[in-house]
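Visitor: Please give me a close look at one part of this structure. I would like the side of one chain that meets its partner, and then what lies behind it.

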Amino acid sequence: MPELVRDTGVSELRFRDPGRARALAATLEQLCTQIGRDSVSVMHVCGSHEQSIAKFGLRTLLPKSLNVIMGPGCPVCVTDVPEVDEAVALALSGKTIATYGDMVRVPGSSRSLADAQAEGARIEILYSAAEAVELARDTTEDVVFFASGFETTAVATAAVVLADPPPNFTVLSAHKYIPPVMEIVAEMPGNRVEGFLAAGHAAAITGSAIFERFVEHHRIPVVVAGFEPLDILAGLVKLLELIRDGTMTVENMFPRCVTAEGNRNAQAQLWRVFRTVGGNWRGIAHIPNGNLRLRDEFAHLDARRRFDIDVRRLWEYAPATLTQSCVCGDIMAGIASPDRCPLFGKECTPDTPVGACMVSNEGTCKIWHQYGGHPDL
Amino acid sequence: MCLGVPGRVVEVRGSIALVDFWGVRRETRLDVVDEPVVPGDYILNHVGFAIRKIPEAEIRETLALYDLLLRESESDMMAADVRGEIAGARPEAVRPDA
């Protein structure tokens with residue numbers, strides 16, 4: 001039994017009570033027996049969920065037949081090589097690149113932004129899209145905001161685009177949209193995902209109803225869950241009940257934070273600024289409608305349209321051979337686990353990441369590395 | 001990156017609020033929150049933007065959860081994300097003494 005409580009205090013028991021965790025685990029056991037199959041696979045798409053699952057060793061509590069997989073829940077990890085190349089090419093051509101910290105170390109075809117910085121490029125790490133605008137206001141030089149993140153974070157980019165940024169500010173969008181990738185991953189050969197656990201705070205903006213179309217088309221239930229251990233276990237209980245009963249619906253187990261309709265003001269800004277286009281997610285697949293790009297109305301703020309981005313000269317360098325052994329893509333598609341990668345914990349560590357999953361705090365490999373290599377043991 | 005952090009609104013100036021996060025006061029943008037926000041309200045902040053006004057009934061439980069998270073050690077990844085949101089910096093930029 002993993003230690004769920006590390007300190008004493010009334011409030012802790014509400015979220016981490018070991019007795020309640022054991023009771024939920026026993027319910028999961030019963031549900032798996034009732035479902036009566038050798039294995040049931042469900043997927044979550046949230047780095048915070050994986051952090052809780054790995055840290056508290058929740059997989060040791062689960063029935064043997066229940067497989068909980070982390071899917072493509074890390075926006076940094078799915079940023080594709082050509083997108084990093086675009087940022088690197090802009091940086092090497094003298095533009096200031098402003099971006100979230102994790103993006104700096106994501107490998108491109110020959111360089112990361114950190115490598116470009118070592119060669120003299122100006123890279124600014126920031127916490128908020130609003131800071132990128134402030135940076136542009138303080139200079140006459142071009143500031144390109146290399147914007148990553150799922151719809152939750154794209155909302156912040158949309159807000160600054162709508163707030164009349166200065167003319168030397170542009171956006172290089174690597175924003176991704178989660179619902180389409182769930183459709184692709186659910187249909188992948190070698191994958192039998194029977195249910196999805198959706199991330200609580202992302203759904204605070206989109207609303208739980210955003211998954212209804214997916215459920216209807218794919219006949220796979222979705223449960224929105226919080227990120228504490230008991231939230232996750234309760235979410236899994238609800239998901240297995242839906243699977244057992246063949247009930248194809250969206251259930252919201254995180255009403256403390258999520259409503260069906262979400263934040264409509266945020267959604268209106270998101271879709272006023274962005275449209276969906278197809279594109280590759282690193283290592284996974286081409287995802288129709290999986291990328292968020294600026295609409296024509298905002299072409300003057302779109303780095304791809306403002307500048308002639310020449311990524312070809314980055315391809316003169318042979319790709320690192322280590323990268324070819326990286327199985328990040330299979331890991332995010334739910335086909336492989338980090339400990340199956342020959343590089344994991346050896347050539348590939350948080351200090352010397354080979355794949356993007358080892359770079360970000362939301363990457364499956366980094367989370368498993370941090371919490372002991374194989375959270376099941 | 002998708003984990004927000006709650007804070008108490010101290011002052012509102014147009015579309016910017018001064019918000020108190022466990023004693024750290026920072027500006028949070030109000031562009032995307034879908035309800036009017038006044039001093040004393042609690043909001044959920046994500047990358048410098050209020051994404052939700054926390055309903056009165058949920059404030060205590062939400063704060064208790066984050067109190068718990070913030071007691072975790074430096075090596076805890078979720079706590080690092082929350083501390084990063086509080087300090088207004090990416091986790092790797094937050095010094096242990098910050």
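Guide: What follows starts at the chain contact and then moves into chain A. Keep in mind that this is a predicted model.

Start with the interface. On chain A, 41 residues are in contact with 33 residues of chain B. Several helices of chain A build this side. Helix 1 (10–16), helix 3 (47–55), helix 7 (129–137) and helix 8 (151–162) each supply at least two residues, and so do helix 10 (200–206), helix 13 (264–273) and helix 17 (364–370). Helix 8 of chain A gives the largest share, five residues. By class, the side of chain A that touches chain B holds 19 nonpolar, 15 polar and seven charged residues.

Helix 7 and helix 8 of chain A pack at an angle of about 35°. Their axes are 8 Å apart. From helix 7 of chain A come A:Ala129, A:Ala130 and A:Val133. They meet A:Ala156, A:Thr157 and A:Val160 of helix 8 of chain A. This helix contact has five nonpolar residues, one polar and no charged.

The assignment for chain A gives domain 1 (10–74 + 181–252), domain 2 (81–178 + 263–316) and domain 3 (321–370). Take domain 1 and domain 3 of chain A. Their C-alpha centres lie 23 Å apart. Across the boundary, 16 residues of domain 1 of chain A are in contact with 12 residues of domain 3 of chain A. On the domain 1 side, helix 3 and strand 2 (66–70) of chain A each supply at least two residues. Helix 3 of chain A gives the most, with four residues. The domain 1 side facing domain 3 of chain A has nine nonpolar, six polar and one charged residues.

Finish with helix 12 of chain A, residues 229–245. Helix 12 of chain A is mostly covered, with 13 of its 17 residues buried. Its length can be checked. At 1.5 Å a residue, the 17 residues of helix 12 of chain A should span 24 Å. The end C-alpha atoms are 25 Å apart, so the two values agree. Just after helix 12 of chain A comes A:Gly246, with a positive phi of about 65°.

Key
Residues numbered from 1 in each chain as written. Chains lettered and ligands numbered in written order. Predicted model: local features only at pLDDT ≥ 70, side-chain atom pairs only at ≥ 80, totals over all residues. Contact = placed C-beta atoms within 7 Å. Nonpolar A, V, L, I, M, F, W, Y, C, P; charged D, E, K, R; others polar. Expected span 1.5 Å × (residues − 1). Buried ≥ 20, exposed ≤ 12 C-beta atoms within 10 Å, placed from the backbone. Domains from an automatic or database assignment. Axes fitted to C-alpha atoms, helices over the stretch in contact; angles between N-to-C directions.
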